[in-house]
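Biologist: Could you take me through the ligand site in this one? I'd like a close look at what surrounds the ligand and at the pocket.

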Amino acid sequence: MAERIYISDAGDHVGQEVSVQGWLYNKRSAGKLWFLLVRDGTGIIQSVVFKGNVNEALFQECEGITQESSVVVTGTVSEDKRSVGGFELQVSDLQVQQLAEEYPITPKEHGTTFLMDHRHLWLRSVKQNAILRIRHEIIRACRDFFDGRGFTLIDAPVFTPNACEGTTTLFETEYFGSKAYLTQSGQLYMESGAMAFGKVYCFGPTFRAEKSKTRRHLTEFWMIEPEVAYMDLDGDMDLAEDFVSHVVQTVLKNKQAELKAIERDTTALERVVKPFPRISYDEAVAILKKNNVEFEDGNDFGGTDETVISEAFDRPVMVHRYPAQIKAFYMKQDPEDESKALCVDVLAPEGYGEIIGGGQREDDLAVLQRKIKEHELPEEAFQWYLDLRRYGTVPHAGFGMGIERVVSWICGLSHLREAIPFPRLMHRLSP
Ligand code: 4AD
Ligand code: MG
């Protein structure tokens with residue numbers, strides 16, 4: 001029996017007879033030869049069927065094998081620089097597990113809606129595969145970063161009684177006769193965690209009923225959220241720039257093949273090293289004015305505004321101290337200018353916009369109670385959160401980074417929907 005290997009390990013088996021379990025990606029014939037491109041999820045290997053090496057029936061069978069049929073191919077590994085992956089299989093045996101029906105995704109161009117309707121199959125394509133491998137690397141780099149700095153992972157609940165990021169994008173669900181919301185952010189729970197463990201983070205799905213149909217919004221997205229006790233806004237920005245540069249540089253180091261497969265020009269990514277420029281909201285507005293962008297002072301930035309601001313820099317830019325009025329209830333006001341919040345948004349280069357939102361939290365009980373009232377939030381549901389200010393309150397800060405925004409930026413995608421295996425959008429709940 002030939003040893004079963006994964007295609008990515010072919011290089012360790014040159015000269016040996018092995019078997020590969022996979023699917024037929026593509027094929028072509030040339031006289032006495034069949035070239036079967038077989039993929040197994042770890043790579044693609046050209047499998048050469050030579051009429052003189054196999055029995056007649058097997059050679060004939062190649063003619064009928066359809067795209068995405070499941071096949072087990074046995075043969076000897078040889079090195080071949082011209083082949084995909086650099087290795088070939090000289091086939092001695094082949095078994096078809098199942099002859100696939102006519103596969104809907106062919107090498108010709110398909111529209112995005114069609115591909116998204118077939119997302120469960122589209123994941124098999126080289127590019128989608130590379131994007132999701134990069135996503136995995138990004139998530140690993142995020143976890144390694146915090147794990148390596150003494151943070152404790154604290155999982156936040158998905159069902160919550162609280163609105164964290166405003167009441168307009170809440171998904172509400174019936175909860176045994178009362179109502180619950182799907183979490184918009186784990187932040188409030190991380191604040192509790194920070195007071196118990198010092199440095200914590202959570203990583204999980206978050207939900208926003210985004211009715212906007214932009215390329216930057218999903219209704220379900222994954223967020224990583226660190227929170228640190230005794231940290232101020234400056235410390236938060238230090239952490240964010242360390243974090244983002246670590247993630248980008250790790251992907252550049254470990255995922256060159258995948259970045260190449262999606263034809264990503266990585267020049268701009270190589271510049272993502274600290275320090276990142278830090279500018280205030282007012283300075284950002286001045287950049288807009290200088291570029292003749294129509295913008296009303298005091299408003300939040302839209303996607304195009306963010307692009308113009310980030311184009312003034314060669315790496316991510318951190319914009320701090322937005323008007324308190326347009327920001328969430330939990331943000332601490334700047335003691336030097338009460339109209340501003342001690343918050344920060346990190347804007348990615350190349351038009352990718354906000355990847356991180358965070359800042360220093362209001363740590364004063366009375367101020368927080370007033371803010372909850374002003375934002376017309378139900379004080380009852382926030383009693384547990386107010387307890388954190390009643391029992392040993394300290395300055396603290398944190399942020400949230402949307403994984404899909406970062407995948408989209410690092411991979412150079414035109415829409416967030418390809419940055420997650422099964423995207424959820426206003427008009428997409430399937431597959
Ligand atoms: O700026 P946001 O709303 O901040 C918070 O939720 C804070 N409570 C986080 C914290 O301080 N712990 O969201 C944070 C990030 C954004 O910068 C963006 O990357 C991402 O989450 N994000 C989305 N990603 C995809 N689709 C959406 N609809 C998103 N909304 C926010
Ligand atoms: Mg934000």
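Modeller: A backbone N or O atom of Gly402 sits 3.1 Å from an oxygen atom of ligand 1, which makes a polar contact (a pair of N or O atoms within 3.5 Å). Ile356 also brings a backbone N or O atom, 3.4 Å from an oxygen of ligand 1, while Glu225 uses a polar side-chain atom, 2.7 Å from a nitrogen of the ligand. On its own, ligand 1 exposes 630 Å², and the protein buries 93% of that (Shrake-Rupley areas, 1.4 Å probe).

Mind you, this is a predicted model, with local features needing pLDDT of at least 70 and side-chain atom pairs 80 or more, while totals for chains, interfaces and linings use all residues. Side-chain values use heavy atoms, without hydrogens or water, residues are numbered from 1 along each chain, and chains are lettered from A and ligands numbered from 1 as written.

Around ligand 1 there are 23 residues, the closest being Glu165, Gln187, Glu225, Glu354 and Ile355 (a heavy atom within 4 Å). β18 gives the largest share of that shell, five residues (strands are DSSP E runs of at least two residues). By class, the shell has eight nonpolar, seven polar and eight charged residues (Asp, Glu, Lys and Arg are charged; Gly counts as polar).

Ligand 1 sits in the largest pocket, meaning more than half of its atoms lie within 2 Å of the grid points. That pocket (an open set on a 1 Å grid, with protein on both sides within 12 Å along at least five of seven lines; lining atoms within 4 Å of a point) has a volume of about 1200 Å³, the space filled by probe spheres on the points.

Conventions: Polar contact = N/O pair within 3.5 Å; in protein donor to acceptor, adjacent residues only side chain to side chain. 1 Å grid on protein atoms, 1.4 Å probe; cavity = no way out; pocket = protein on both sides within 12 Å on 5 of 7 lines; lining within 4 Å. Helix = DSSP H or I, 4+ residues; strand = E, 2+ residues; numbered from the N terminus.
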